[in-house]
Amino acid sequence: MTRTEEFLIELDEGMLQYFRDIADELVGRFGMSRAEAVARINAAYEGADIEPYPDLMCHEEPDHWAYGLYFLPKSGRSPHGESVGDLTGWETRPAPPKGSHVWTLAECTPRSQGPWIRAVPDPAGGIAEPTPFAPSENSRGGGRMTETFIQEVGEGYSCT
């Protein structure tokens, strides 16, 4: 069981993937950034005692937990799975406050939305201050983040 840079929870490899699947659901279903999805998960589960895969929470699909992290419960229940229909009557949970310690990833936006930045290696390790630049075929997202995260972000994103 280890703690990663993204999640503030000790997880084995199986549960790490499960939590990443929850974050994928939040991003895909609700259009939030990966950084916000991870912040919501961290806010809800920091300090939780998660067992190795398959933890008891694995009896539900990741989308179940994603809906619970995004919507406030109504009569003690959250929308999920096949029961999801019209979501207009559901109130969304506010995202954790920006600047909170649960925000462990940099905010990234699709390149088409800018702003454009370039990551520059910091001589002390990691990434230095972002530098504005015009987009190009060889550009890569960056900012104040780890080199590992830059590789995960990939070519289609810009981070601040």
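Predicted model: local features only at pLDDT ≥ 70, side-chain atom pairs only at ≥ 80, totals over all residues.
To display the buried positions, select P62, D63, H64, A66, Y67, G68, L69 and Y70. Which helices do these residues pack against? The partners are α1 and α2, and the next stops take each pairing in turn.

**α3 with α1**

The axes of the two helices, α1 and α3, come within 8 Å and cross at roughly 60°. An angle in this range counts as oblique, and α1 and α3 are therefore oblique to each other. Their crossing is right-handed. To show the contact itself, select Y18, D21, I22, E25, L26, R29 and F30 on the α1 side, together with P62, D63, W65, A66, Y67, L69 and Y70 on the α3 side. Colouring this selection by class gives 10 nonpolar, no polar and four charged residues.

**α3 with α2**

How do α2 and α3 lie relative to each other, roughly parallel or roughly perpendicular? Their axes cross at roughly 85° and come within 10 Å. Angles from 65 to 115 degrees count as roughly perpendicular, and α2 and α3 are therefore placed in that class. The contact involves R40, I41, A44 and Y45 from α2 and W65, L69 and Y70 from α3. Six of the residues in this contact are nonpolar, none is polar and one is charged.

**α1 with α2**

The axes of α1 and α2 cross at roughly 125° and come within 9 Å. These two helices are therefore oblique to each other, and the crossing of α1 and α2 is right-handed. From α1, select F19, R20, I22, A23, D24, L26 and V27; from α2, select R34, A37, V38, I41 and Y45. The contact of α1 with α2 divides into nine nonpolar, no polar and three charged residues.

**The nonpolar core**

Show α1, α2 and α3 together. The largest nonpolar core of the protein holds 31 residues. Within this core, F19, L26 and I41 have the most contacts. Two or more core residues come from each of α1 (13-30), α2 (34-45) and α3 (62-70). Which of these elements gives the largest share? That element is α1, with eight residues.

Centre the view on L26 for a closer look. Leaving aside residues up to four places away in sequence, L26 touches G31, M32, A37, I41, A66, L69 and Y70. One of these neighbours, I41, is also among the core residues with the most contacts.

**The loop between α2 and α3**

Follow the chain from α2 towards α3 and stop at P54, which lies in the loop between them. Select Y53 as well, and display the peptide bond that links the pair. Is the bond between Y53 and P54 cis or trans? The bond is cis, with omega at about -5°. Most peptide bonds are trans.

Is S75 buried or exposed? With a relative accessible area of 78%, S75 is exposed. The phi angle of S75 is near 55°, which is a positive value in a residue other than glycine. Most residues other than glycine have a negative phi.

Move along to T104, which lies in the loop between α3 and β3. T104 is partly exposed, with a relative accessible area of 26%. Not counting residues up to four places away in sequence, T104 touches E5, E6, L8, V38 and N42.

**The whole chain**

Finally, zoom out and colour by secondary structure. The protein has four helices and six strands, arranged along the sequence in the pattern β-β-α-α-α-β-β-β-α-β. Of its 160 residues, 40% count as buried. Among the contacts with a separation of 6 or more, 53% are between residues 24 or more positions apart.

Key. Residues numbered from 1 in each chain as written. Heavy atoms only, no water. Core = buried A, V, L, I, M, F, W, Y, C linked by side-chain atoms within 4.5 Å. Buried < 20%, exposed > 50% of the residue type's maximum accessible area, 1.4 Å probe, protein only. Contact = heavy atoms within 4.5 Å. Axes fitted to C-alpha atoms, helices over the stretch in contact; angles between N-to-C directions. Parallel < 35°, antiparallel > 145°, perpendicular 65-115°, else oblique. Left-handed = near helix turned anticlockwise from the far one by under 90°. Nonpolar A, V, L, I, M, F, W, Y, C, P; charged D, E, K, R; others polar.
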